[in-house]
Amino acid sequence: VIFESSNEASILVAKEIASLIKNKQAQNKNCVLGLATGSSPIKIYEELVRMHKEEGLSFKNVITFNLDEYFPMEKESIQSYYYFMHDHLFNHIDILPENINIPDGTIKSDIYDYCMSYDNKIDEVGGLDFQLLGIGRTGHVGFNEPGSHFNSGTRTITLDYVTRSDAAPGFLGIDKVPRKAITMGIATIRKAKRIVLVAWGINKASIVKKAIEGEVSSQIPATYLQTHDNTTFVLDKDASSEL
Ligand code: GLP
C-alpha cells in the first residue's frame, strides 16, 4: 500500500493496532504485539500515545515482544532499544511493566537458553497477533541479516557492516557500534498472524524493490515475507519509487 506521506501512513497503521487492541479487549483477551525500533515506527508510536492520552486507548491487555537488541548493551544506555521503546512508547502509556518483553542485551551466560525461552514465551501467550517491522538496507527484518535461515528462531547474530555503518551516527562512530545483536528469528516473525512492514524515503527504495519483487532468498531476508499470507508493506511514495 502506497501513501503520499509517511505521516498519513503511520496514522493508519496506528489505527489498525488500536482497533486490534480494542477488539481483543471486547473479548476479554490479551493482545500480543511484536514491536520494532528504528526511525520508521516513531510516528506510529507517537500516534498510539496520542490515542492513549486523548481518546483513552488502554494498553492494560497488551503484551509486547520487541524484535531485537544490540549485544552487549546496557538497558540505561541511550543507544539501547530498551531505552528507545520506553522513551517513545512505554513511559507514556498504561502498559503493565511485566507485559513488556525486550531481548536482554546484558545476558552473560546461557544465551542460547535465554533465546529459546524468548520464543517459548511468545508461544505461551498465544503467539503474536500483530508484528510491526521496519527494513534495513541489507534487507534485514529485526536484525536477521543476509544468510538468515527461514527456520531461524531468536538467537544472537553478527551485524552486517552496512547495518553498523547506518547505526554509526547514533553511536558517534562505527567502532562503538556493537558487533552483535539478539534478534527474533525469521520463523518467530513469520508465525505472527498479521505482519505490517513500514518503509519510508528514497534510501529504502532499492531494498523495498528487492524485498517485494526479488526472488525469495536468504540473501534478502525480507523476501521471506512474500510467503506469509497476511503481510502488508506500507510505503510512502519515495520508498515505492523503484517498484
Ligand atoms: C535497525 C533495526 C531494524 C530496523 C532498521 C531500520 O537495524 N534493528 O528493526 O528496521 O534498523 O531502521 P530505520 O527505521 O531507522 O531505517
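**View 1. Strand β3 and its burial.** Strand β3 (residues 62–66) is largely enclosed by the rest of the structure, because 5 of its 5 residues are buried (a residue is buried if 20 or more other C-beta atoms, placed from the backbone, lie within 10 Å of its own C-beta atom). The model is a predicted one, in which local features need pLDDT of at least 70 and side-chain atom pairs count only at pLDDT 80 or more, while totals for chains, interfaces and linings use all residues. Residues are numbered from 1 along each chain as its sequence is written. Val 62, Thr 64 and Asn 66 lie buried on one side of β3, and Ile 63 and Phe 65 lie buried on the other, so both faces are covered. In a regular strand the side chains alternate between the two faces of the sheet.

**View 2. Parallel partners of β3.** Strands are DSSP runs of E with at least two residues, helices are runs of H or I with at least four, and both are numbered from the N terminus. Two strands pair if DSSP finds at least two bridges between them. Strand β2 (residues 31–35) runs parallel to β3 and is joined to it by 5 bridges; Leu 33 has Thr 64 of β3 as its bridge partner. Strand β5 (residues 100–101) pairs with β3 in the parallel sense over 2 bridges, and here Phe 65 has Asn 101 of β5 as its bridge partner.

View 3. β2, helix α2 (residues 42–55) and β3 make a right-handed β-α-β unit. Right-handed means that, with the strands pointing away from the viewer, the path from the first strand over the helix to the second runs clockwise.

**View 4. Packing of α1 on α2.** Helix α1 (residues 6–26) and α2 pack at an angle of about 55°, and their axes are 8 Å apart (axes are lines fitted to C-alpha atoms, for helices over the stretch in contact, and angles run from 0 to 180 degrees between N-to-C directions). The contact involves residues of α1 including Ser 6, Ile 11 and Ile 17, and residues of α2 including Lys 43, Leu 48 and Met 51 (contact: C-beta atoms, placed from the backbone, within 7 Å).

**View 5. The open sheet β4-β8-β7.** In this order, 3 strands form an open sheet with antiparallel pairing. β4 (68–71) and β7 (155–158) stand at the edges with a single partner strand each, so one side of each has no neighbour in the sheet. β7 and strand β8 (residues 180–183) run antiparallel and are joined by 4 bridges, with Ile 157 opposite Ala 181 in β8.

Notes:
Buried ≥ 20, exposed ≤ 12 C-beta atoms within 10 Å, placed from the backbone. Contact = placed C-beta atoms within 7 Å.
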